[in-house]
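Please read them alongside the sequence and the coordinates.

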Amino acid sequence: MHELEWSPITLEAGLRALDLIGVLAFALSGALLAVRKRFDLFGVLVLGCVTAVGGGAIRDTLTGQTPPLFLRDEAYLWAALLGSGLAFLFGARLARFERTLSVFDTAGLALFAASGAIGAINFGLGPLGVVFAGMLSGVGGGVIRDLIANEVPEIMYRSEQLYATAAAAGALTVWLLYPHVTPFQAQFGGALVVALLRWLSRRGWARLPVRRLPEG
């Protein structure tokens with residue numbers, strides 16, 4: 001049996017595909033929130049695009065890749081516009097499904113946390129730097145989305161749903177896998193860990209402790 005060989009071109013294409021999927025997912029997440037808040041077409045496109053490229057811009061800035069990738073490769077902006085446009089056209093139908101926005105948000109979180117970790121590793125950061133960069137890359141788009149839409153960012157108050165913690169765990173997974181597998185496999189594995197932790201926390205099987213001070 002022949003082992004699967006990964007050429008540099010194949011790896012680059014795979015990593016780029018995961019990045020674009022993350023952009024599309026976050027664009028849908030941001031734009032659907034805008035649709036639910038009755039933003040007009042321009043508002044939906046703006047919130048969707050800012051959500052989609054925000055995490056990537058943070059990732060690129062942290063890892064010294066300037067200008068951010070979405071400005072150097074317009075495919076990312078087209079993907080963001082596509083996701084935002086789909087949400088505007090079909091948002092009324094998608095909004096009927098309670099978990100739709102959460103699914104897209106989790107997908108974007110997972111893929112950007114993992115890609116942020118890959119970028120930090122390539123930049124030569126240590127394990128803490130990789131985890132920090134991956135976490136900020138993952139949560140950045142969602143935080144920007146919530147602030148623009150006048151929502152309290154999820155990472156500030158939902159202890160029963162792992163969000164930033166899941167992104168950090170996914171980034172750490174990438175760092176652990178990276179020396180032993182291809183970058184594509186490491187990124188995919190990290191993204192799976194994020195999605196799994198989000199799934200477990202939404203069912204109440206994993207959560208962070210909350211410290212409560214006595215009253216009076």
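1. The axes of H6 (residues 127-148) and H7 (residues 164-177) come within 8 Å and cross at roughly 135 degrees. Axes here are lines fitted to C-alpha atoms, for helices over the stretch in contact, and angles run from 0 to 180 degrees between N-to-C directions. H6 and H7 are therefore oblique to each other; angles under 35 degrees count as roughly parallel, over 145 as roughly antiparallel, 65 to 115 as roughly perpendicular and the rest as oblique.

2. Contact means heavy atoms within 4.5 Å. By class there are 11 nonpolar residues, one polar and no charged. Ala, Val, Leu, Ile, Met, Phe, Trp, Tyr, Cys and Pro count as nonpolar, Asp, Glu, Lys and Arg as charged, and the others, Gly among them, as polar.

3. This is a predicted model: local features need pLDDT of at least 70, side-chain atom pairs count only at pLDDT 80 or more, and totals for chains, interfaces and linings use all residues. Residues are numbered from 1 along each chain as its sequence is written, and side-chain values use heavy atoms, with hydrogens and water left out. Helices (H or I, at least four residues) are DSSP runs, numbered from the N terminus.

4. The protein chain averages a pLDDT (the predictor's confidence in each residue, from 0 to 100) of 82, and 84% of the residues score at least 70. Confidence is lowest in helix H1 (residues 8-36), at a mean of 79, and highest in H7, at 94. Where pLDDT is low, the predicted coordinates should not be read in detail.

5. H7 also packs on H8, at an angle of about 150 degrees and with the axes 8 Å apart. The two are therefore roughly antiparallel to each other, and the crossing is right-handed. The contact of H7 with H8 has nine nonpolar, six polar and one charged residues.

6. H2 (residues 41-62) and H6 pack at an angle of about 150 degrees, their axes 8 Å apart. H2 and H6 are therefore roughly antiparallel. Gly54 and Gly55 are among the H2 residues in this contact, and Gly140 and Gly141 are among those in H6. The contact residues divide into eight nonpolar, six polar and two charged.

7. There are two aromatic pairs (ring centres of Phe, Tyr and Trp, its six-membered ring, within 6.5 Å; planes under 30 degrees apart are stacked, over 60 edge-to-face, the rest tilted). Phe184 and Phe188 have ring centres 6.3 Å apart and planes at 10 degrees, so the pair is stacked. Being four residues apart in helix H8 (residues 183-202), Phe184 and Phe188 are separated by about one helical turn.

Conventions. A crossing is left-handed if the near helix is turned anticlockwise from the far one by less than a right angle, and right-handed if clockwise.
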